[in-house]
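Open your viewer, pick a cartoon display, and get ready to click along. Each stop below tells you what to select and what you will find there.

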Amino acid sequence: MNLPYARDGRVIVVGVDGSPHGDAALRWALTTGTHPGDAIRAILVRPRDTLLPGTSFAIQPHGRRPERDYSLADHVAALRATIDNAPQVETTTVHGEPATELVTASADADLLVIGAHHAGAIGDLVLGSVARDCVRYSRCPVVVITEEAAHRLAPVVS
């Protein structure tokens, strides 16, 4: 994936999904993780809508996940507006398996930033499957914004 501007600094890929964890990952990249000249790519991965074999009515094992009226560009712009001197962000939406798509998107990146979603007591002991696979297979360093870090990085409401 080529950037539309010259690469003076690092390329930082951020997994964004509209969740507080994804927002915290993007906020970290925009404030803490960047230096002048860095390029940020926000990636939203949507699941593929595939039919199960044998019937045309069986869509996804748990039913079809409807597309929300979610605009990644609008969401990123709103979050950038809350940060002074936030760098520009290139937004991309892809369809596929989240860990695979994020690792692929970060193949030529210098850093991958993701939010970790925990599910219950077991989730407190290990990373979620997407975070675990990104850490395991990424060819660049990975920053994982945990539940506690997401809470700390949440915007202060006055």
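A residue counts as buried when its relative accessible area is under 20%. By that cut-off, 39% of the 158 residues in this chain are buried. Keep in mind as you look around that the model is predicted.

**Stop 1: the whole chain.** Color by secondary structure and you will find six helices and five strands. Follow the chain along its sequence and the pattern reads β-α-β-α-β-α-β-α-α-β-α. Among the contacts between residues at least 6 apart in sequence, 75% join residues at least 24 apart.

Stop 2: What holds strands together in general? Strands of a sheet pair through backbone hydrogen bonds.

**Stop 3: two strand pairs.** Select residues 11-15 and 39-46, which are strand 1 and strand 2: five bridges pair them in the parallel sense. Next, select strand 4 and strand 5, parallel strands joined by four bridges. Here Val113 stands opposite Val143 in strand 5.

Stay on strand 5 for a moment. In a regular strand, side chains alternate between the two faces of the sheet. On strand 5, Val143 and Ile145 make up the covered face, while Val142 and Val144 make up the uncovered one.

**Stop 4: helix 2.** Select residues 72-81. Which residues of helix 2 are buried? They are Leu72, Val76 and Leu79. Look down the axis of helix 2: its buried residues fall within an arc of 65 degrees, so they line one face of the helix. The general rule behind such a pattern is that an α-helix has 3.6 residues a turn, so residues three or four places apart point the same way. The cover over the buried residues of helix 2 includes helix 1, strand 2 and strand 3. Turn to the other side of helix 2 and you will see Asp74 and Ala81, which are exposed.

**Stop 5: a pair of helices.** Select helix 3 (residues 98-105) together with helix 5 (residues 129-137). Two packed helices are described by the angle between their axes and the distance between the axes. For helix 3 and helix 5, the angle is about 35 degrees and the axes are 9 Å apart. Their crossing is right-handed. Helix 3 makes the contact with Pro98, Ala99, Leu102 and Val103, and helix 5 with Val130, Asp133, Cys134 and Tyr137. By class, this contact has seven nonpolar, no polar and one charged residues.

**Last stop: Tyr137.** Zoom in on this residue of helix 5. Tyr137 has a relative accessible area of 47%, so it is partly exposed. Finish by drawing a C-alpha to C-alpha distance from Tyr137 to Ala99: they are 38 residues apart in sequence and 8.8 Å apart in space.

Note on methods. Residues numbered from 1 in each chain as written. Predicted model: local features only at pLDDT ≥ 70, side-chain atom pairs only at ≥ 80, totals over all residues. Heavy atoms only, no water. Pairing = 2+ DSSP bridges. Buried < 20%, exposed > 50% of the residue type's maximum accessible area, 1.4 Å probe, protein only. Axes fitted to C-alpha atoms, helices over the stretch in contact; angles between N-to-C directions. Left-handed = near helix turned anticlockwise from the far one by under 90°. Contact = heavy atoms within 4.5 Å. Nonpolar A, V, L, I, M, F, W, Y, C, P; charged D, E, K, R; others polar. Arc of directions from axis to C-beta.
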